[in-house]
Amino acid sequence: MTVQHPTPAPAEVKARHRALWALGDYPSVADTVIPHLGETLVDAVRIAPGERVLDVAAGCGNASLPAARAGGDVTASDLTPELLAVGRARAEAEGLPLLWDVADAEDLPYPSATFDVVLSCVGVMFAPVHEAAAAELVRVCRPGGRLGLLAWTPEGFIGRLLAAIRPWAPPPPPGAQPPPLWGREEHVLDLLGDGVVDVRAERHDLVVDAFATPEEFRRFFVERYGPTVAVHRSVADDPAQRVAVEAAIDAVAAKAADAHGVMRWEYLLLTATRT
Ligand SMILES: C[S@@+](CC[C@H](N)C(=O)[O-])C[C@H]1O[C@@H](n2cnc3c(N)ncnc32)[C@H](O)[C@@H]1O
């Protein structure tokens with residue numbers, strides 16, 4: 001299959017998504033629950049000093065910063081300037097020379113074949129038109145370069161959380177697909193088509209022990225994680241719906257936690273070589 005270049009979602013959808021990810025306090029979510037996922041992804045693609053690296057949907061640099069520490073010449077790109085600003089401050093504090101670009105994953109502002117390595121850590125999965133984003137990942141990676149993608153699976157914790165709050169979320173734009181499909185190997189292979197070879201895909205569990213109870217998890221997430229903040233705020237004036245949203249989140253968290261409150265969040269780690 002040849003990778004096509006489908007139409008990105010419209011600008012008003014992107015504006016809504018940008019606002020959503022600026023809600024709450026995403027940097028504290030990344031610091032609390034996934035501080036090592038970026039390093040996991042960077043280790044998997046084995047960055048050599050001086051390689052040109054693009055992190056797509058980089059947020060505040062969860063993968064970009066370790067990629068720069070590994071010696072990469074890193075560009076961190078994301079839709080949400082508020083998150084890039086946090087990453088930039090962190091990089092400056094460490095003396096790391098990254099570039100921070102506001103950019104839509106479905107329409108990247110880089111010439112074809114610019115980067116040796118293209119990464120995304122639980123990031124590009126949130127761009128609504130999967131075919132458009134996948135085509136861009138492939139386009140900006142040079143032939144023989146590497147792609148590294150880490151995504152929550154549909155069956156894993158964040159997949160189930162997003163499904164549980166979907167009844168209260170705004171309807172997805174035309175052409176959008178659910179983000180956790182990027183956690184299914186067959187879906188990603190279909191998206192990348194003959195743009196890649198030498199694909200390696202593994203499912204792993206992230207152990208999350210930051211929350212003693214499901215309610216503690218829910219309070220943290222409805223205050224800080226954009227998608228859950230948005231849904232919770234949308235029912236703020238409707239006590240019955242608020243209770244229903246909170247119960248839906250609690251139920252997902254309770255089902256995932258063991259007797260000590262420890263959860264396992266499944267993700268797919270996929271690496272490939274650009275043809
Ligand atoms: C869960 S966060 C992941 C951020 C970061 N990669 C990390 O590991 O912490 C999802 C990110 O996707 C970004 N995002 C959502 N839609 C996007 C799009 N169309 N283009 C670029 N970034 C997008 C959000 O702004 C947010 O930073």
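Visitor: Which radius of gyration would a compact globule of 275 residues have, and what does the protein have?

Guide: For 275 residues a compact globule would have a radius of gyration near 19 Å, and the protein, at 18 Å, agrees with that expectation. Please keep in mind that this is a predicted model. Along the principal axes, the C-alpha trace spans about 55 × 40 × 30 Å, and the chain is built from eleven helices and seven strands.

Visitor: What share of the residues is buried, and what share of the contacts with a separation of 6 or more joins residues 24 or more positions apart?

Guide: Buried residues account for 49% of the 275 residues, while 79% of the contacts with a separation of 6 or more are made by residues 24 or more positions apart.

Visitor: Turning to one helix, how many residues of α6 are buried, and which elements do they pack against?

Guide: Helix α6, residues 130-140, is mostly covered, with nine of its eleven residues buried. The buried residues are His130, Ala132, Ala133, Ala134, Ala135, Glu136, Leu137, Val138 and Val140. They pack against the strands β1 (52-56), β4 (115-121), β5 (141-152), β6 (196-208) and β7 (263-274), and also against helix α8 (185-192).

Visitor: How should I read the packing of two helices, and at what angle do α9 and α11 cross?

Guide: In general, two packed helices are described by the angle between their axes together with the distance between those axes. In this model, the axes of helix α9 (residues 214-224) and helix α11 (residues 239-256) come within 8 Å and cross at roughly 125°. That angle makes α9 oblique to α11, and the crossing is right-handed. On the α9 side the contact is made by Pro214, Glu215, Phe217, Arg218 and Phe221, and on the α11 side by Glu246, Ile249, Asp250, Ala253 and Ala254. By class, these residues divide into six nonpolar, no polar and four charged.

Visitor: Helix α11 also packs with α7; which residues meet there?

Guide: Phe157, Arg160, Leu161, Ala164 and Ile165 of α7 meet Val245, Ala248, Ile249, Val252 and Ala256 of α11. The class count for this contact is nine nonpolar, no polar and one charged. As for the geometry, the axes of α7 (residues 157-165) and α11 come within 9 Å and cross at roughly 160°, which makes α7 roughly antiparallel to α11. This crossing, too, is right-handed. Ile249 is listed in the contact of α11 with α9 and is also listed in the contact of α11 with α7.

Visitor: What is the angle between α9 and α10, and how far apart are their axes?

Guide: Helix α9 and helix α10 (residues 226-234) pack at an angle of about 90°, and their axes are 6 Å apart. α9 is therefore roughly perpendicular to α10. The residues that meet are Phe221, Val222, Glu223 and Arg224 from α9, and Thr228, Val229 and His232 from α10. Sorted by class, this contact has three nonpolar, two polar and two charged residues.

Visitor: Staying with α11, is Arg242 buried or partly exposed, and which residues does Arg242 contact?

Guide: Arg242 is located in helix α11, and counts as partly exposed because 17 C-beta neighbours lie inside 10 Å, whereas 20 or more would be needed for a buried residue. When neighbours within four places in sequence are left aside, Arg242 is in contact with Val235 and Ala236. Arg242 and Phe115 are 127 residues apart in sequence, and their C-alpha atoms are 45 Å apart in space.

Visitor: Where in the chain do Ala57 and Val122 lie, and how many C-beta neighbours do Ala57 and Val122 have?

Guide: Ala57 is in the loop between β1 and α4 (64-69), and counts as buried because 25 C-beta neighbours lie inside 10 Å. Val122 belongs to the loop between β4 and α6, and with 27 C-beta neighbours inside 10 Å, Val122 also counts as buried.

Note on methods:
Residues are numbered from 1 along each chain as its sequence is written. This is a predicted model: local features need pLDDT of at least 70, side-chain atom pairs count only at pLDDT 80 or more; totals for chains, interfaces and linings use all residues. Helices (H or I, at least four residues) and strands (E, at least two) are DSSP runs, numbered from the N terminus. The radius of gyration is taken over C-alpha atoms; the globule rule is 2.2 Å times the number of residues to the power 0.38. A residue is buried if 20 or more other C-beta atoms lie within 10 Å of its own, exposed if 12 or fewer, and partly exposed in between; C-beta atoms are placed from the backbone. Two residues are in contact if their C-beta atoms, placed from the backbone, lie within 7 Å. Axes are lines fitted to C-alpha atoms, for helices over the stretch in contact, and angles run from 0 to 180 degrees between N-to-C directions. Angles under 35 degrees count as roughly parallel, over 145 as roughly antiparallel, 65 to 115 as roughly perpendicular and the rest as oblique. A crossing is left-handed if the near helix is turned anticlockwise from the far one by less than a right angle, and right-handed if clockwise. Ala, Val, Leu, Ile, Met, Phe, Trp, Tyr, Cys and Pro count as nonpolar, Asp, Glu, Lys and Arg as charged, and the others, Gly among them, as polar.
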